[in-house]
Amino acid sequence: MKSLHELPACVVSRKIKEQEITAEEYISTIIERIRQVDHKINSFISNNFESALSKSRTIDKKIKEGLNTGLLAGIPVGIKDNISVQGLKNTCASRMLSEYIPPYNATVVSKIEAQDGIVIGKLNMDEFGMGTTSEYSAFGPVRNPWNLGYVAGGSSGGSAASVASLQIPLSLGSDTGGSIRCPSSFCSVIGIKPTYGSVSRNGLISYSNSLEQIGPIARTIYDLVTLLNVISGVDPKDNTTLPKNYEYKTDHVDHILKKKYKIGVLNDLIDDSETEVAENTRKKVKQLKDRGCEMEDTRIPLSNYALASYYVIATAEASSNLSRFDNLRYGYQGSPEGYEWNSYFSESRSKFGDEVKLRILLGSYVLSAGYFGKYYAKAQKLRSMIKREFDILFNKYDILLLPTMPVLPFRLGEKTLQPIENYNLDVYTILANLAGIPAISIPGGLSKEGFPIGVQLIANAFGEQKLIDVAVLLENIEGFETWIPKI
Amino acid sequence: MDSKDMNNRMKMGPELKIGLEIHCQLTNLQTKLFCDCLSNYRNSPPNENTCPICLGLPGTLPLLNKRAVEFASMICMAFNCSIPEKISFYRKNYFYPDLPKNYQTTQYNSYELSSIGYEGFIEFVGESKSKPDASWERSERNNIRITRVQLEEDPGKITYDEDKSAANNYSLIDYNRAGVSLVEIVTEPDFSSPIAVRTFLNEIVNLFEYLGVTDPSLEGSVRCDVNVSIGGGKKVEIKNISSFKEVEKSIYYETTRQKTLIMHDIDVRPETRHWDEKRKVTVAARSKEEEEEYRYFPEPDIPKIILGNKFVSRVRTSMPELPLERLKRYIEVCKITEHTAKILVNDKRISDFFEESLSCYNSPIEISNWIVNELLTKINEKDRQGLTNHNVRGLDILSVSPSQVAEIAKLVEVKSLNRTIAREIFDKSLDSGTSPLKIIDNLEIEKISDEGPIIKIIQDILKSQPQLIEQSRSNPNVINYVLGLIMKETKGRVNPQIALNLIKESLEDN
C-alpha cells in the first residue's frame, strides 16, 4: 500500500473529508517526509510547520462538527519564496530580503487558505526569479531529485523539486519566461503558466510584470486543475486581471477525444533540440495522432527574435521593479544610520547577487534616453508581431506542441559561467510569456540515463481547458504520475 | 548675435520669458491615487497614513483611483486642453529616499501621447482693477498656452534638522503624503512679467476651487516651479518655492541675476536653481547637462485607460459653473456692473458667499455692494496686517454669515434704514457676530413703517388731547404738531411720510 505522502492531493483530501484519516496525521506525515528528504534537495527556504499543524487541527475540528470545508481541505501547498505569505519571511532567495516579512497575504495565498489549503513552507528559487537552473539562490542551489548532481531547472526549482520528490503534492511557482515549465520539465511534474490576467499577481514580488504569472505545479493533472481553479479569477487588487469564466474541468477521455483537437507541431523547434528530447517529443506526437488528434506541422517564423525581445523587456522592467530595494524600509539587518543616503543606497544594493546586478544593468541600459527606441520600443514591437503570429496560428490550430526545454537537465555549475548559453535555454518557453497565452509542461518520458523530458503545449488566451484536456489524454496514455525518482 | 545687436536689445529691454510648472494636489479626493489611504494626510502622525501599496512594499500593485482621472480631466477641460482617447502611466526612475519605490508613477509624452490633457490655453476673468497694469497686456492675459496636464503621485516628505542638508546628521522621512494625487500643469513660456505670473496663479487657484478638486488653503496643496529666460537665452528653472508671493520675488531676483550676467558678457547656463527663501536668492542646484537619466517606460501594472467620448461628455456635464460662466451670469442676469462682478467672481469663496446671501434675500445689486464695498474692505485691511496665510485671501478671518449681509441689505431696501446707521450696525454685526436685526431690536433704531403701531400712537395722542381734532379743521399746522409728538414718542423712528398720511386720515375720520 502506498504511503500517504505518495498519494495525489485529490485522493487524500477525500480521505480527510470522509474521516478515513485526519488532516493532522497527513500534515505530520508530510512534515516528516520533508525532514527526511529536503536536506538532499534543498527545495525549502523556510517552513511553516507549527502553524500548518495547528491549521490542520482546525480543519479536523470543522469536519468533525459537520461543517463545510474547502476544495483543498487539509492539503499542504508549498509557496515559491517570491509570493507573500503574511508573517513568513519572503526572501526571493536574496540576501537583500533576508529579513523581510510581508504584513499581508498575496491574493493567491488568501484564496488557498479560504479553501482550507495549508501553507507548508516557502520554496527555493533563483534570486528574484532570474535564472533557469535555481543555482542563483543565496540559500544554495536546488538539486534535481532524479540526480542530485544535476540542476532542477528554474527559476521555480524548489516548487518543482519538492513536488517531484514526494515532499508535497502541490506548489505554486511563478513563470516569467519559463520559470514554472522549465523545472517541471527537468523534474517530471506538470506545471502550467496561465493566461496573463487570469491569476492575480498581487503579492508576487515583481521581476517582469508584463510577462509573469503565478501558476500551480503538481504530479497529476487532477491535482493541478484543483489548484488552478482555486487561484484563478479577477482580483480588485490587480488591475491587470480580467473577469472570465475560470471553471476548468478534467473531462473523461472519451469526451475529450470527441473534441477532435487540431494540434500544430512546431517541427523546426523539435529538430533544434537535443536528440533524445526530439525523439521523445515525436513519440508524443505519434501517441496523440494514434488517439485521433489531428496533427500538422507548422512553425512560428519570428521565434528567432523572441529571445532578444524577451530579455530587453524583462530586464527593463526588472531594473525598475528592483529599484525599491534599498533597505531603508525593509530588507536585511542593517540600518541607514550614520550614512549619507547615496552611499547607503550603493552599500545596500551591493547585496544583490551577480546575475541580478547583470540584469539590472542591462535593463537600465536599454531604457536610457538614447537607447529607448533602439531597444525597448523595438522589443515591444516584436512582441506584438509575435502575438499576431500566434493569433494567426490559433485560427488554424487549437493547440501548439513543442518541447518545453531544448536540452536534458545538466550538471550543477555546468552553465553558470555562460550567461548567453543560459539565456538560450529559455527560447521555447518565453514565447507564451511574450504573447500572454497559457502553456503547460507535461512529463513526456525519461532519457536513457533516466532524466525527465517535458512536452509543452500552448493554447490561445484563456484556452487553458484545451491544455488540460490534452494533459488528461497524455496522463492516461502513459500514467506518468507513477514515474517517481528514487531518493 | 554681435555686440551691437546685443546693445540694441538691451536698450529695448531684453525679452523676458517665463513658464510655469504647477503642481496641484487633488485634496478633495477621498483616497490616494493608487490605494485606499486618505488623501488628507495632514492630521496623521508620521507614517501612519500609509499601507503596503503606498509604502511600495514588494508585491503590491497600484490600483488606479478612477475619481482622480475624472478630477484631472475636469482640470483639463477648464484649461481647454484636448483629452486623448487613451491615457497611460509611465515610471520615472530615480533614487530618492522620499520615493518608496524609487520611481514615481507619472505620465510622459515623449514616446506616445500618454497624459490626460495636452495643448490647452486659458482665458482669464482678468484683474478687477479699473486700471490694468501696463505690462500685463490684454492679449497676454487672455491666452496662456498650456503644454500638458498630467496625473501623478506625490512623493513623501523629508524633514531636516538644519536648512543645509550637508549640515545634518540625519533626516526624517514621512510617507503620509506618498501617493497623494497630484496634477502637474505645464505652461508654455508665455508670461513676460512677474506680476502677470502672480495674477495668473491667483486666478488658477480660484479655478481649482471652482472645480472643487482642491482646497488651496491647505499648506502645500498648490505649488509652483518657474523657468526664466532672457532675450531668447538659456532657460533656468527655479524650484523649491513655498508660496506665490515668493514666486514673484524669485522671478525678480532671477531676472536681475541673468541681466547682470548678460551685461558682463557671461553666458547664462541652463540649470536648475533653488529658491533660498531666507536670503531671497536663487542658488545653483545642478546643471542641466548632467541632468539625471529618468529611464521612463510604460507602467506595466496599470493597463491603458480608454476614456472615449462618453467619458468626456459625462465629466463635462458634471462640471460646476466656472468663473467665466458665472461672470456672464452676474452681468447679464443679475445686472451687476462688470467691475463688481469681477471682484466677486475672482474669489470663489466670496462669490459663493454672495450666492448664499442671495438665497436669503434676492437683491443682487444691493447685496453685491455690501460685499464689495464693506466686507472686502475689511478683509483687505486684515490682509495687510498679515492675518491671512497661504495662497488664499480669507473670508474665514471674519466671522460673518451670508444671512447677516442679506439682513442688512433688506433693512436698507425694504425698511428704508438710513445708510449711515446701516453701516454702523453692519460694523457692530461684524465685530460681535450677532445678526443686524437683533442689534436693531436692541438699539430700537429701526424705522417704524408698519401702519399699525403708528395708528395706535396717533389714537393715543388724540385720546389725551381731543381738542386737536377740532383745531385741525382750521389749523393745518396741527398735523405737524402731531407728527412732532409721534417723533418724540418713538425717538424719531417712524417713517415721516407714512406717519403724515396716517395723521391726516385719523383727523378726517374723527
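**View 1. The contact between chain A and chain B in the predicted model.** Chain A contributes 35 residues to this contact, and chain B contributes 25. On the side of chain B that touches chain A, 16 residues are nonpolar, five are charged and four are polar.

**View 2. Helix α13 of chain A, residues 354-367.** The buried residues of α13(A) are A:V356, A:R359, A:I360, A:G363, A:V366 and A:L367. Because these residues cover an arc of only 135 degrees around the axis, they lie on the same side of α13(A). An α-helix has 3.6 residues a turn, so residues three or four places apart point the same way. Exposed residues A:D354 and A:L361 are carried on the face of α13(A) turned away from the buried side.

**View 3. The packing partners of α13(A).** Within chain A, the buried residues of this helix pack against α11 (303-321) and α14 (373-396). They also pack against β14 (297-298) of chain B.

**View 4. Strand β1 of chain B, residues 16-25, and the strands paired with it.** Seven of the ten residues of β1(B) are buried, so the strand is largely enclosed by the rest of the structure. Nine bridges link β1(B) to strand β10 (residues 222-230) of chain B in the antiparallel sense; B:L16 has B:I230 as its bridge partner in β10(B). Strand β9 (residues 181-187) of chain B also runs antiparallel to β1(B), joined to it by five bridges. Here B:I22 has B:I185 as its bridge partner in β9(B).

Conventions: Residues numbered from 1 in each chain as written. Chains lettered and ligands numbered in written order. Predicted model: local features only at pLDDT ≥ 70, side-chain atom pairs only at ≥ 80, totals over all residues. Helix = DSSP H or I, 4+ residues; strand = E, 2+ residues; numbered from the N terminus. Expected span 1.5 Å × (residues − 1). Buried ≥ 20, exposed ≤ 12 C-beta atoms within 10 Å, placed from the backbone. Arc of directions from axis to C-beta. Contact = placed C-beta atoms within 7 Å. Nonpolar A, V, L, I, M, F, W, Y, C, P; charged D, E, K, R; others polar. Pairing = 2+ DSSP bridges.
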